[in-house]
Amino acid sequence: MASGHTGRPGQQPNAKEVGPLRIIDLTLGYSHGMPAYGTAWYSQVEIRPLMTPETDPTGHGRRFSQFVFNPHNATHVDAPSHFVPGGKNVSDLEPDRFIGPALVLDLTHRGLYEPVTADDLEAAAGGRMRPGLRLLLRTDYVDRHWGDPDFWQKPPYLAPSAADWCVEQGAALVGLDFLTEEPGDRDFPVHRRLLEADIPILEYLRNLKALRGPTVWLMAAPMLVEGAEAAPVRALAVEGGVPYGDG
Ligand SMILES: [Zn+2]
């Protein structure tokens, strides 16, 4: 996403055919001044010039940028240490968590303020879930409501039973395009359940509606930041021409 875009996602191409492959971008990117969670300690995203062609002291017209943001502002992975004292950091997680077959669960019947429960996940999975698969949970909430002033107040959210289901099913990763916790819940039961089970959470996905099949190849490795509890991710799905596991 180009610096300066503050509007809704979807302004760049969302899917591209490359030979037999179809590459779908699931990323809500970082952009200067983008909406940010509205609480006092939360930072705004700043992407600012450190050097411009005019200020380059060598006269070579170079550009350098400086990024100032916390990773939770846009598409990112939460590692266990986000909630679990002594838990794994982003830099402790193996890349294969983030690269491999993923099952897409259609939960678009869940609307504003509604919980997504274990029964919803079980029904949407239709018997396709296997231990070690990554889960992509789709409601289209980010696509429809990013930029709304009450974005963080009205989302669908995961019920604690849904977190239990993901743990029991042996998910390698849980990605979603809505909010992880019920708005106003200060006990964070879903983060705790998943992260205590060492299941990273891939938050603020978008464009899951562009996926055709129930199973896709996901590539969503976080930026390698030593000791961090979370890191930005470019989340991409690939369809066609690659093995999908047994989905
Ligand atoms: Zn987060």
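Biologist: How many residues of β8 are buried?

Modeller: First, a caution: this is a predicted model, in which local features need pLDDT of at least 70 and side-chain atom pairs count only at pLDDT 80 or more, while totals for chains, interfaces and linings use all residues. Residues are numbered from 1 along each chain as its sequence is written. A residue is buried if 20 or more other C-beta atoms lie within 10 Å of its own, exposed if 12 or fewer, and partly exposed in between, with C-beta atoms placed from the backbone. Strands (E, at least two residues) and helices (H or I, at least four) are DSSP runs, numbered from the N terminus. By these rules, five of the five residues of β8 are buried, and the strand is mostly covered.

Biologist: Which residues of β8 point one way, and which the other?

Modeller: In a regular strand the side chains alternate between the two faces of the sheet. In β8, R134, L136 and R138 point one way, whereas L135 and L137 point the other way. Strand β10, residues 173-176, can be read likewise: L173 and G175 point one way, V174 and L176 the other, and all are buried.

Biologist: Which strands pair with β8, and in what sense?

Modeller: Two strands pair if DSSP finds at least two bridges between them. β8, residues 134-138, pairs with β10 in the parallel sense over four bridges. The bridge partner of R134 in β10 is L173, and L135 stands opposite V174. Strand β6, residues 99-106, also runs parallel to β8, joined by five bridges; there V104 has L136 as its bridge partner.

Biologist: Which residues of α4 are buried, and what do they pack against?

Modeller: The buried residues of α4 are V190, H191, L194 and L195. They lie on the same side of α4, because they cover an arc of only 110° around the axis; the arc is that of the directions from the helix axis to the C-beta atoms. Contacts are counted when the C-beta atoms of two residues, placed from the backbone, lie within 7 Å. The buried residues of α4 pack against β5, β9, α3, β10 and β11.

Biologist: What is the phi of F188, and where does that residue lie?

Modeller: F188 has a positive phi of about 50° although it is not a glycine, and F188 lies in the loop between β10 and α4. F188 is partly exposed, because 14 other C-beta atoms are within 10 Å. N207, in the loop between β11 and β12, has a positive phi near 65° and is not a glycine. N207 counts as buried because it has 22 C-beta neighbours inside 10 Å.

Biologist: Which residues touch the most other members of the largest nonpolar core?

Modeller: In soluble globular proteins, nonpolar side chains tend to be buried together. A nonpolar core is a set of buried Ala, Val, Leu, Ile, Met, Phe, Trp, Tyr and Cys residues joined through C-beta atoms within 7 Å. The largest one has 61 residues, of which L135, C166, V174, L202 and L205 touch the most other members. Leaving out residues up to four places away in sequence, V174 touches L135, L137, C166, L194, I199, I201 and L202.

Biologist: What does the protein look like as a whole, in secondary structure and in contacts?

Modeller: The secondary structure comes to four helices and 14 strands. Buried residues make up 38% of the 247 residues. Of the contacts with a separation of 6 or more, 75% are between residues 24 or more positions apart.
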